[in-house]
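Okay, thanks for coming, everyone. Let me put the model up and walk you through some helix packing and a handful of residues.

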Amino acid sequence: MQCTSHDAKLARKLETDIANALASRESMASLSFYDRPTRTSCTSGAAKQYDSASVTKTIILGALLYQTGGTLTEEESTLARKMITESDNASATTLWKQLSDLTDPKKPNPVKIQEFLDKAGMDNTALDKEGSWGLTQVTAEDQAKLLRIFTGDDGSVLGSKSRSVALELMNHVQSNQRWGATAGAPLDSVIHVKNGWLQRSQNPDVDTFDKGDWKVNSMAALTRKGYDSGLVVLTENNRVPEGHPAKEGWDYGIETIETISRSIYRDVYPDAGGYHPSRPTTPAAEPAKPE
């Protein structure tokens with residue numbers, strides 16, 4: 001765990017409190033946090049790659065906006081909105097193919113998405129080139145770079161129109177998918193979020209390390225009213241005890257993320273009331289290998 005800040009005392013407190021939050025959890029977690037006003041950043045295992053699940057959809061969105069300059073057709077706009085606000089998998093697959101080389105339709109090579117990653121400097125992100133976008137390998141560091149692009153004022157990657165589209169969509173994610181890296185966020189901030197989750201199967205071809213394991217990820221940015229921060233937390237090894245409902249692993253991953261999230265926001269914004277996100281009683285399907 002490493003934190004730096006214009007306020008050295010804040011950096012030390014964050015290091016202690018995040019370390020304590022991580023120590024209280026059994027799952028594996030990596031994070032990247034930044035707060036521009038206080039020039040604060042924290043990382044822990046931020047270069048480690050994780051199965052992305054639906055946080056890849058923010059990358060697809062970024063690539064779409066990069067390729068179009070933010071001017072979307074009616075169809076593209078509808079697909080992007082469903083992909084982000086509802087986490088619709090079919091919409092993500094359609095846009096993934098649109099941004100791919102379809103020489104071999106069974107293995108769409110996402111060349112236009114890779115162009116965006118190269119431009120964004122997201123060098124540790126490895127796209128799945130067989131169309132299984134949920135198995136794209138992402139890092140907390142690279143996803144935090146993406147949040148910085150969406151919320152920044154540097155137009156070298158995405159112009160202001162594209163950034164506005166991305167933030168508007170992430171601000172309107174449906175209420176039961178606003179959990180995770182939003183927990184404890186100041187109530188007067190504007191929250192932009194995208195989550196992802198998947199459970200690996202018990203099939204023989206799945207690594208022992210992964211069998212039955214939940215991958216639960218969350219990324220959120222806070223804007224306006226003086227707020228300008230981003231938090232990414234990626235987790236795996238959220239195990240389901242034998243004989244227990246699968247939902248327990250999903251819940252454990254969310255609780256890991258929210259424990260970390262609350263500790264960060266409590267330190268950085270000690271006088272603000274904290275957001276308490278809701279979540280559905282049962283996780284929606286987030287397949288590792290989307291159709």
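H3 and H4 cross with a left-handed sense, where left-handed means that the near helix is turned anticlockwise from the far one by less than a right angle, and right-handed means clockwise. H3 covers residues 74-85 and H4 covers residues 89-98. Helices here are DSSP runs of H or I with at least four residues, strands are runs of E with at least two, and both are numbered from the N terminus.

Before going on, a word on the source: this is a predicted model, so local features need pLDDT of at least 70, side-chain atom pairs count only at pLDDT 80 or more, and totals for chains, interfaces and linings use all residues. Residues are numbered from 1 along each chain as its sequence is written, and side-chain values use heavy atoms, with hydrogens and water left out.

Back to the pair. The axes of H3 and H4 come within 8 Å and cross at roughly 130°. Those axes are lines fitted to C-alpha atoms, for helices over the stretch in contact, and the angles run from 0 to 180 degrees between N-to-C directions. H3 and H4 are therefore oblique to each other. For the labels: under 35 degrees is roughly parallel, over 145 roughly antiparallel, 65 to 115 roughly perpendicular, and the rest oblique.

Which residues meet there? From H3 you have Glu76, Leu79, Ala80, Lys82 and Met83, and they meet Ser91, Ala92, Thr94, Leu95 and Gln98 in H4; contact means heavy atoms within 4.5 Å. The residues of that contact divide into 5 nonpolar, 3 polar and 2 charged. In this scheme Ala, Val, Leu, Ile, Met, Phe, Trp, Tyr, Cys and Pro are nonpolar, Asp, Glu, Lys and Arg are charged, and the others, Gly among them, are polar.

Let's stay on H3 for a moment. Its 12 residues, at 1.5 Å a residue, should span 16 Å, and the end C-alpha atoms are 16 Å apart, which agrees. The expected span is 1.5 Å times one less than the number of residues, if you want to check me. Glu76, Leu79, Ala80, Met83, Ile84 and Thr85 are the buried residues of H3. Buried is under 20% relative accessible area, exposed is over 50%, and partly exposed is in between, using a 1.4 Å probe and protein chains only. And what covers those buried residues? The cover includes H2, H4, helix H7 (160-171) and strand S6 (190-199).

After H3 comes Ser87, sitting in the loop between H3 and H4. Ser87 has a phi near 55°, positive in a residue other than glycine. Is Ser87 buried or exposed? At 5% relative accessibility, Ser87 counts as buried.

Helix H2 (residues 56-68) packs with H4 at an angle of about 45°, with their axes 10 Å apart. That makes H2 and H4 oblique to each other, and their crossing is left-handed. On the H2 side we have Thr56, Lys57, Ile60 and Leu64, meeting Asn89, Ala92, Leu95, Trp96 and Gln98 in H4. By class, that contact has 5 nonpolar, 3 polar and 1 charged residues.

Next stop, Val111, in helix H5 (residues 111-120). Val111 is partly exposed, at 33% relative accessible area. Leaving aside neighbours within four places in sequence, Val111 is in contact with Leu99, Ser100 and Asp101. The C-alpha atoms of Val111 and Lys97 are separated by 9.9 Å, and the two are 14 residues apart along the chain.

Now the strands. Trp214 lies in strand S7 (residues 214-224) and counts as buried at 7% relative accessibility. Not counting residues up to four places away in sequence, Trp214 touches a list of residues including Trp197, Leu198, Asn237, Val240, Trp250 and Pro283. Trp214 and Val240 are 26 residues apart in sequence but 8.0 Å apart in space, C-alpha to C-alpha.

Asn237 has a positive phi of about 65° although it is not a glycine, and at 15% relative accessibility Asn237 counts as buried.

Last one: Leu222, also found in strand S7. Leu222 counts as buried, at 0% relative accessibility. Beyond four places in sequence, Leu222 touches, among others, Pro186, Ile191, Tyr227, Tyr265 and Tyr269. Leu222 and His192 are 30 residues apart in sequence and 6.4 Å apart in space, C-alpha to C-alpha.
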